Amino acid sequence: MSGTFVGMPVFPPPTHPAFPKAAHDAVNNQTLRGNLRHATHTIRAKREKAVTEVSDWAELREAGKRIKDHTLRHLDRYLVQLEESVTAAGGTVHWACDADEANRIVTRLVKETGESEVVKVKSMATQEIGLNEALEEEGIRAYETDLAELIVQLGKDRPSHILVPAIHRNRGEIRDIFAREMSEWGRPAPDGLTDTPAELADAARLHLREKFLRAKVGVSGANFMIAETGTLVVVESEGNGRMCLTLPETLISVVGIEKILPTWQDLEVFLQTLPRSSTAERMNPYTSMWTGTSDEDGPRAFHLVLIDNGRTDTLADEVGRQALRCIRCSACLNVCPVYERAGGHAYGSVYPGPIGAILSPQLRGTASEIDASLPYASSLCGACYEVCPVAIDIPEVLVHLRERVVQGGPVVREGNKVVLKPAKGHAAERAAMRAARWAFAHPGALRTGQRLASRTRRLHPRTLPGPGKAWSGTRELPQVPAEPFRDWWQRTNGGKDGAK
Ligand code: SF4
């Protein structure tokens, strides 16, 4: 089988270099920088306009946050309700604790149909578990039908953005990929294909149409699941999703357990905030909803595979759990100065940018080089929090995860358990923190140390030696005052010591 798709499954943790090393080449790639800058600035400006025209945006944002928090607090109850609703509507629910189990379930379901091809709606969950690769190992070919995912798949590439997976490619590169690769996967690109958007879209439409008409099995994710009726919702812009959800005889949806909403009324909030935050549209061009199966129309069999894959561990963390509110709009990526320069591949995950920096280390643990470095892939400017439609305080979670990396050592999965391992690195930082704790707990020693530092201040080096050199090389070290604050206070306040 040719045209192997290279993906980034979540478990086991990837052997990927730490973020600074992975970002090094991208930062020096002028073409990539240009593509990213143009795309993120364009989407960012459009989003700003689309959000500003909604007078109650702040209230919608708060409502979205509250609905998600309430649902996560009662997730056990709503998941059981969802299973009952889906089953009553003629669907079958499968539970997968990790990526391997989810892949085994989907592979078995496809094999039971006797088919060796599936068409896919764009889905982060299936990328997270590495479904395409797992199917391929079993001789089943998965065709991506979203235009950007098609470009990524044909280019043997990896997605670099949640919403626009081929954001790192320009039109010329896309034309070359279509001309070179389409014939390997089905209908070839037309002769003399140019890089005009209309011609590229036409080539993709013709290439994909034969797949839609032939496929007997569709695989999707879902943006939302409604517990009260068992309804799944997919929002998209191209109509390929509608084809995959309605034409095949069997539909398999792979969805993270956090995508649940209690009622239809809750959905109303997110159908307003998601399109404006992601594509800057007032509403999505295609919003597809389905509830189980129907004799008259659509797939005859419907399977819902609910995946945990690190989500309940994330839910157990009081600070980090807010990451599970994420509706994958990608607004945080488009405003992030780090993402704009490093691009998506450096994050070593299907979830790049600010949300990836807090979600991947929680879903996968911080045992790998890349996951331990992701909480540092941020300037903590807070732009991501400002635009997030469900008010995830990403900087707060980043700082929390940095603390976990430094203090607690890596958090790793061992079987079904999450385990804190002793930290290997950052020994100097931990020793410095221990020394500071001791000094603050002994005021007499602190005062003596401050006086000594003041008297010897002309001898202090301007840069630190050894491992501290890189740190001090990019910072102005603070000047030690000629007189410690406490001595000054005592002298100017008639001998009274301000210390308690
Ligand atoms: S963290 Fe917020 S802004 Fe970023 S993708 Fe998720 S919902 Fe959107």
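I noted the conventions next. The model is predicted, so that local features need pLDDT of at least 70 and side-chain atom pairs count only at pLDDT 80 or more, while totals for chains, interfaces and linings use all residues. Residues are numbered from 1 along each chain as its sequence is written, and side-chain values use heavy atoms, with hydrogens and water left out.

**Entry: surface patch**

I placed Phe485 in helix α23 (residues 485–492). Helices (H or I, at least four residues) and strands (E, at least two) are DSSP runs, numbered from the N terminus. Together with Trp488 and Trp489, Phe485 forms a nonpolar patch on the surface, with about 330 Å² of accessible area. Patches are made of residues with over 30% relative accessible area and no salt bridge, like charges being joined within 9 Å and nonpolar side chains (Val, Leu, Ile, Met, Phe, Trp, Tyr) within 5 Å. The areas come from the Shrake-Rupley method with a 1.4 Å probe, and for residues only the protein chains shown count as cover.

**Entry: sheet**

I traced an open sheet of six strands in the order β1-β10-β7-β4-β2-β3, with parallel pairing. β1 (92–96) and β3 (141–144) stand at the edges, each with a single partner strand, so one side of each is left without a neighbour in the sheet. Two strands pair if DSSP finds at least two bridges between them; β2 (residues 117–120) and β3 pair in the parallel sense over four bridges. I found Val119 bridged to Tyr143 of β3, and Lys120 to Glu144 of β3. Arg141 and Tyr143 point one way from β3, Ala142 and Glu144 the other way, and all are buried.

**Entry: Asn309**

I located Asn309 in the loop between β10 (301–307) and α13 (311–315). Asn309 is buried, with a relative accessible area of 0%. The side chain of Asn309 makes a polar contact with the side chain of Glu128 (2.8 Å), and a polar atom of the Asn309 side chain lies 3.2 Å from the backbone nitrogen of Ala99. A polar contact is a pair of N or O atoms within 3.5 Å; within protein, one must be able to donate a hydrogen and the other to accept it, and residues adjacent in sequence count only if both atoms are side-chain atoms.

**Entry: salt bridges**

I searched the whole structure and recorded 25 salt bridges, each a side-chain nitrogen of Lys or Arg within 4 Å of a carboxyl oxygen of Asp or Glu. One of them joins Glu340 and Arg37, the closest N and O atoms being 3.5 Å apart. Glu340 lies in helix α15 (residues 337–342) and Arg37 in helix α2 (residues 30–52), so the pair ties together parts that are 303 residues apart in sequence. Glu340 is buried at 7% relative accessible area, whereas Arg37 is partly exposed at 46%.

I also noted a salt bridge between Glu117 and Arg214, the closest N and O atoms being 2.9 Å apart. This pair links distant parts of the chain, with Glu117 in strand β2 and Arg214 in helix α10 (residues 197–214), 97 residues apart. Salt bridges that share partners join Glu128, Glu258, Arg311 and Arg328 into one network.

Note on methods: Buried < 20%, exposed > 50% of the residue type's maximum accessible area, 1.4 Å probe, protein only.
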